Amino acid sequence: ATGWAFRWLPLARAPTWSANDGAAQGSTRVRATPLSAELDPAGARIALVDQDGRALVRALDGTSAVDIATQATRARWMPDGSALAVGGADSALRIVDASNGALLLESKWEPKNSGAPGVADLDVRSDGRQVVVAGRDGRVRFIALADEGEARSDIVVFPMRSIAYDPAGK
């Protein structure tokens with residue numbers, strides 16, 4: 001007995017749990033089938049990207065819901081939970097305010113070598129100063145979010161579905 005319990009939910013619903021004790025509370029309705037979901041650092045909200053390319057933030061207790069972006073393919077929380085890094089089908093990285101969807105920063109690029117446009121996956125470094133993006137064009141991009149401005153370097157790789165920093169942010 002591991003203490004874990006799983007239950008199947010309809011595809012158009014996302015599960016909710018208590019932020020206090022982790023107990024299952026039910027589910028919250030989303031407009032389309034979710035493709036990805038991630039809890040915020042405090043465990044109180046969930047960021048969803050649905051099959052229609054909408055990025056949504058929902059409070060687990062059902063008290064609030066915010067549409068934060070369109071053309072989204074992936075969304076990851078910034079370490080402080082105030083914003084999300086959102087990858088787009090239009091080959092863009094957007095940093096958006098999680099409370100109202102306001103655009104804080106945007107970086108766009110052209111796919112390399114006639115590759116497919118869009119973001120396959122992304123991850124935010126643990127200090128929040130850099131985002132690594134796996135593009136559908138087969139490139140990995142490291143995008144600096146530091147105050148000194150954007151710095152970008154590309155590494156040629158094969159197309160990938162997922163990418164992540166290690167817990168130390170390396």
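Residue numbers start from 1 along each chain as its sequence is written. Because the model is predicted, local features need pLDDT of at least 70 and side-chain atom pairs count only at pLDDT 80 or more, while totals for chains, interfaces and linings use all residues, and side-chain values rest on heavy atoms, with hydrogens and water left out.

Strands here are DSSP runs of E with at least two residues, numbered from the N terminus, and two of them pair if DSSP finds at least two bridges between them. Five bridges link strand S9 (residues 92–97) to S10 in the antiparallel sense; Arg 94 has Glu 106 in S10 as its bridge partner.

Another antiparallel pair is made by strand S5 (residues 55–59) and strand S6 (residues 65–69), joined by four bridges.

Next come the nonpolar cores, defined as sets of buried Ala, Val, Leu, Ile, Met, Phe, Trp, Tyr and Cys residues joined through side-chain atoms within 4.5 Å. The largest has 14 residues, of which Ala 55, Ile 68, Trp 77, Leu 84 and Val 86 touch the most other members. Strand S4 (45–50), S5, S6, S7 and strand S8 (83–88) each supply at least two residues of this core. Apart from it lies another core of 13 residues, including Met 78, Trp 109, Val 124 and Val 133. Beyond its neighbours within four places in sequence, Trp 77 is in contact (heavy atoms within 4.5 Å) with residues including Glu 38, Pro 41, Val 57, Leu 84 and Val 124.

Finally, Leu 122 sits in strand S11 (residues 119–124). Leu 122 counts as buried because its relative accessible area is 0%, the limits being under 20% for buried, over 50% for exposed and partly exposed in between, with a 1.4 Å probe and protein chains only. Leaving out residues up to four places away in sequence, Leu 122 touches Arg 74, Val 86, Leu 93, Val 133 and Ile 163, among others. Its C-alpha atom is separated by 7.4 Å from that of Ser 162, 40 residues apart along the chain.
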